[in-house]
Amino acid sequence: MAADEQYIFKPEAKRKISILFGVGVLLFVLGIIMAMNSGGHHEGADHGSVEVAKNLVASTDQESGHAAGHEAAEGHHGSPVWLKRIYSSLWHNNIFFAGIGIIGLFFVAIQYAAQAGWSAPIKRIPLAMGQWIPIAGVLMLIIWFVAKGDLFHWTHHDLYDPQSADYDKILDQKSVYFFWLGSKGGFPTFYILRMVAFFSLWYWFYTLIKKQMLAEDLEGGTQYWYSTRKLSAIFLVIFAVSSSVAAWDWVMSIDPHWFSTMFGWYVFASWWVTGLATITLIVVNLKDAGYLKMVNANHLHDLGKFVFAFSVFWTYIWFSQFMLIYYANIPEETVYFIERLKHAPYSWVFYANLILNFVLPFLLLMTRDAKRHVAMLKVVCPIVIVGHWFDFYNMVTPGVMQYNGGVGFLEIGLACIFFALFLWVALSALSKMPLVAKNHPMMEESLNHHI
Amino acid sequence: MSSTSENFLVGIFDDEDILLHGVEGIRGKGVKIHEVYTPFPVHGLDEALGYKRSRLPIAAFLFGLTGTSLALTMQIWMLGFDWPMIIGGKNFVSLPPFIPVTFELTVLLAALGMVATFFIVSDMKPYKTPRSYDIRSTDDKHVMAIDLAANKLSKEEIGQILKANGASEVNEKNF
């Protein structure tokens, strides 16, 4: 049987993460200063962008034309550009890392529901990642209340007042989705309820599943495996619905006039492959540090296949969404991609997204050997993680910043800060439980795993 | 024993564990094994026989690449040059609508090419009568064929080695 292993969160690792955090803070502050100083230039660009947006929608029908023009004009009476940029980046990073955390739990649940044996020695790593869920939830609520006016156009009450010049018929018709149980344009009760409910449910299931898994360490027997499988199955049903609705709420509603029926899948696919790459990256790094002795090339192969397969899956979803909109050519839908294709930095992020998240993982992980070797996984996983960070960047930023967005020290610094915090939380959670399950009924199967 | 025929010594094994150890022992004695036939897949047999990994994936990749380029060339030539058509107001040569066809042809050629390669490499062709070293390999026996021409040891020596390594019977088979 497997030897007991305990991860120790060493001061050396803590120092490295602190340095990452420090560098992040430094870049972030530098980025803010730069963004504040270049405010005048961006103000000019803002006027231009309104023109662009108005031309863009000139050919569309009256209603959506009015709406999009209004949205672009929003830049005038919101927060200053640099502050909006901070809000936008905070929201983007929080969505991204919330996803990695929740995917930790989702991965564990999938393993139990599928009765998978191979993953028995590595399940503690995604489990530890799930520790980020409550933090992400609290951060999301705080950021939402601080930045709602700048992030979400639909929060402005003028839009729902037929007397107002800003009255927006489309959003008025959609308003029940946000404001149900409250008054239109007021506090979005339904929306906030969903946000709180999703994080509470996810965290609740996280604690339940974790409790079962850790109880198994102490007492053994198969009953914990069965109870975890039951919880996992229930969680997966809840997650199927909540992840989709969360994608509409937190990401798609940034562009409230636009909609895509694939969006729930799209956000999930992006989260899922990022989570898989993160799990793989932590596993190979722990292995390099001398932990996880029973993990061999066969287990790495399975993780590599996961990253490879779901990179292709993401591409499939991406393409399905893009092609339908491209081919149907309906202005209220194409405006989303035109915004992202016609203007830097979104345009280069748009193409980099495809290269980083499809071309590179597809070609680099194609052979069997590539999936079985630590060196290649260490190259591909960071590419996938960075690639999907850019993917989420392009989902969030253009809708918030219109044509004033950028990828600079501010965004990169904030990503470093979030990444350092996430790693700290995940690794300290990992150090508080046995690194490898002690009485997992499928451990023997996993030790003999051979593909 | 005529010189035109091929002479084989056939070892019959009752159990896959005995077979696996037998393969190691027999190869350890320097006997070259022609092929082993089992009624069901035996894990670790490929490694024990010292088979290298199949290069079929490389063939698949090349066939897939052929499919990709064929599909793109075909569509660009047809819709861009030979018979340009305006579809949905798009450019004649616009990549996104070409992708589904490209994907399908890539998969089709990779799959068909792989099957064809496998059949050719395995020497499986129509009207070919398969060789059966012992018909019981389709029922409950593991059958090991040893080509006597490929081995320096005599028939008797190899027969003894087979017996010593767990073969329940040793037969001769000529084709």
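In what order do the four strands of the open sheet in chain B lie? Select the strands of chain B and read across: the order is S2-S3-S1-S4, and the pairing is antiparallel. Keep in mind throughout that this is a predicted model.

**Stop 1: the sheet of chain B**

Begin at the edges. S2 (35-37) and S4 (169-174) of chain B each have a single partner strand, so one side of each is left without a neighbour in the sheet. Turn the view until you look along the sheet, and you can follow its twist, which averages 25° from one strand to the next.

Now select S1 (residues 7-13) of chain B together with S4(B): the two run antiparallel and are joined by six bridges.

Next, look at S1(B) with S3(B). Here too the strands run antiparallel, with six bridges between them. Pick B:Phe13 and you will find B:His142 as its bridge partner in S3(B).

Finish the sheet with S2(B) and S3(B), an antiparallel pair held over three bridges. In this pair, B:Tyr37 stands opposite B:Val143 of S3(B). While side chains are on display, remember a general point: in a regular strand they alternate between the two faces of the sheet.

**Stop 2**

**Stop 3: chain B as a whole**

How many helices and strands does chain B have? There are five helices and four strands, and from the N terminus on they run β-α-β-α-α-α-β-α-β. Chain B has a radius of gyration of 25 Å, well over the 16 Å that the globule rule gives for 175 residues, so chain B is more spread out than a compact globule. Along its principal axes, the C-alpha trace of chain B spans about 80 × 35 × 30 Å.

**Stop 4: chain A**

Chain A has 18 helices and zero strands. Its radius of gyration is 23 Å, which agrees with the value near 22 Å that a compact globule of 451 residues would have. The C-alpha trace of chain A spans about 70 × 40 × 40 Å along its principal axes.

Select helices H10 (residues 223-250) and H11 (residues 263-288) of chain A. They pack at an angle of about 100°, and their axes are 8 Å apart. H10(A) and H11(A) are therefore roughly perpendicular to each other. From H10(A), the residues that meet H11(A) include A:Ala247 and A:Trp248; on the H11(A) side, look for A:Val267 and A:Phe268, among others. By class, this contact of H10(A) with H11(A) has five nonpolar, three polar and no charged residues.

Move on to H4 (residues 81-113) and H17 (residues 409-431) of chain A. Their axes come within 10 Å and cross at roughly 35°, and H4(A) passes H17(A) in a right-handed crossing. Among the residues that meet are A:Arg85 and A:Phe97 of H4(A), and A:Glu411 and A:Phe418 of H17(A). The contact of H4(A) with H17(A) divides into nine nonpolar, two polar and two charged residues.

**Stop 5: where the chains meet**

Bring chain B back. Six residues of chain B are in contact with seven residues of chain A. On the chain B side, three of these residues are nonpolar, three are polar and none is charged.

Last, select H12 (residues 297-328) of chain A and H4 (residues 95-121) of chain B. These helices pack at an angle of about 130°, with axes 9 Å apart, so H12(A) is oblique to H4(B). H12(A) passes H4(B) in a left-handed crossing. Color A:Phe319, A:Phe322, A:Met323, A:Tyr326 and A:Tyr327 of H12(A), then B:Pro96, B:Pro97 and B:Ile99 of H4(B), to see the contact. Its residues are eight nonpolar, no polar and no charged.

Terms used:
Residues numbered from 1 in each chain as written. Chains lettered and ligands numbered in written order. Contact = placed C-beta atoms within 7 Å. Nonpolar A, V, L, I, M, F, W, Y, C, P; charged D, E, K, R; others polar. Axes fitted to C-alpha atoms, helices over the stretch in contact; angles between N-to-C directions. Parallel < 35°, antiparallel > 145°, perpendicular 65-115°, else oblique. Left-handed = near helix turned anticlockwise from the far one by under 90°. Pairing = 2+ DSSP bridges. Rg over C-alpha atoms; globule rule 2.2 N^0.38 Å.
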